[in-house]
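Please examine the sequence and the three-dimensional model shown below.

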Amino acid sequence: MGICKLIVHADDFGLSEQVNEGIVEAHCKGIVTSTSLMATGAAFESAISLSRSTPTLDVGIHLTLTEEEPLSKKNSIPSLLDDDQCFHDHAITFIKRYIVGRISLGEIKQELDAQICKILDYGIRVSHLDSHQHIHMLPGIRKIVGELANKYSISAVRYPKESLMPYMLKENGGIGRLAQLLSLNMFCMIARTPAIQQPDCFFGFFYGGGLTKDRLQKILQRLCPDGTSEIMCHPGVYDDTCQYNHWGYHWQDELDALTDREIREFINSRGVELISYADL
């Protein structure tokens, strides 16, 4: 019988001071093993400092093409920007423009290359690539991300295809999220590149921003028995002034779940081995 291995991955490192603090606490006091850093995040410098003081926390890159400020000169990436000269405000806006050919692949490659270079220039050992709102799984963009991974010798790229589970059908208000999950799965199947390393199973999109203790236990009962699973999460310290509160994320609830003693005991009782992307 194989060993059940688990990566618990916190997105959005560098987004804000509160998110940074929550991710590090979820790693030091809980089950988080990996995170991914936003080169465009307002709290990027803080995340760099925390990364250096927490060497056991595995770090990847959270490629970003929505909502934040770009790194490239703005006149060189006009198709990626809205009227306020920021990235388009949401993945849905981006995807609509992308589908009708109003987004330049050349500009995407330029910006994502700049984001990777910024993080590498700080001396961060990068284990993997993923993206904000999973933009990297769009056809064409996935190819670019694969090329950049090869260029910078980054061996793993997230593959966020989450299998349909019975509990998803019982969630109040979950139909809309389920439709999004199925759409993302379609893009994943189209764009899959087997040569890139990736976990065998992925969880966390359906409960994105709302991973309570009860929901986390549901996922933990369904991990790949003979392979590596990834659970995506979004821990953070509560902040009622956060500029990202419109996302509706429950950062503190996720942090509480990820640091819960019973969750750790449940994982240990099942013989699950916690690993990071670097261990792939």
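**A guided reading of the model**

Not counting residues up to four places away in sequence, Ala39 touches Phe44, Leu71, Gln115, Lys118 and Ile119, where contact means heavy atoms within 4.5 Å. The model is predicted: local features need pLDDT of at least 70, side-chain atom pairs count only at pLDDT 80 or more, and totals for chains, interfaces and linings use all residues. Residues are numbered from 1 along each chain as its sequence is written, and side-chain values use heavy atoms, with hydrogens and water left out.

Ala39 is placed in the loop between strand 2 (34-37) and helix 2 (44-53); helices (H or I, at least four residues) and strands (E, at least two) are DSSP runs, numbered from the N terminus. With a relative accessible area of 2%, Ala39 is buried. Buried means under 20% relative accessible area, exposed over 50%, and partly exposed in between (1.4 Å probe, protein chains only). From C-alpha to C-alpha, Ala39 and Cys117 are 9.2 Å apart in space, although 78 residues apart in sequence.

Asn20 belongs to helix 1 (residues 17-28) and is buried, its relative accessible area being 0%. Leaving aside neighbours within four places in sequence, Asn20 is in contact with Phe13, Gly14, Leu15, Ala43, Ser46, Ala47 and Leu50.

The next topic is a helix pair. The axes of helix 7 (residues 213-220) and helix 9 (residues 261-269) come within 11 Å and cross at roughly 5 degrees. Axes are lines fitted to C-alpha atoms, for helices over the stretch in contact, and angles run from 0 to 180 degrees between N-to-C directions. The two helices are therefore roughly parallel to each other (angles under 35 degrees count as roughly parallel, over 145 as roughly antiparallel, 65 to 115 as roughly perpendicular and the rest as oblique). Lys213, Leu216, Gln217 and Leu220 in helix 7 meet Glu262, Ile263, Phe266 and Ile267 in helix 9.

The largest pocket holds about 980 Å³ of space. A pocket is an open set of points on a 1 Å grid over the protein atoms alone, with protein on both sides within 12 Å along at least five of seven lines; lining residues have an atom within 4 Å of a point. A volume is the space filled by probe spheres set on the points, which are joined across faces, edges and corners. Of the 41 lining residues, His90, Gln133, Arg177, Gln180 and Phe205 lie nearest the centre of the largest pocket. Strand 1 (5-13), helix 3 (91-99) and helix 6 (175-191) are the elements that give two or more residues to this lining.

Technical notes. On a 1 Å grid over the protein atoms alone, a cavity is a set of points where a 1.4 Å probe fits but cannot get out, and a pocket is an open set with protein on both sides within 12 Å along at least five of seven lines; lining residues have an atom within 4 Å of a point.
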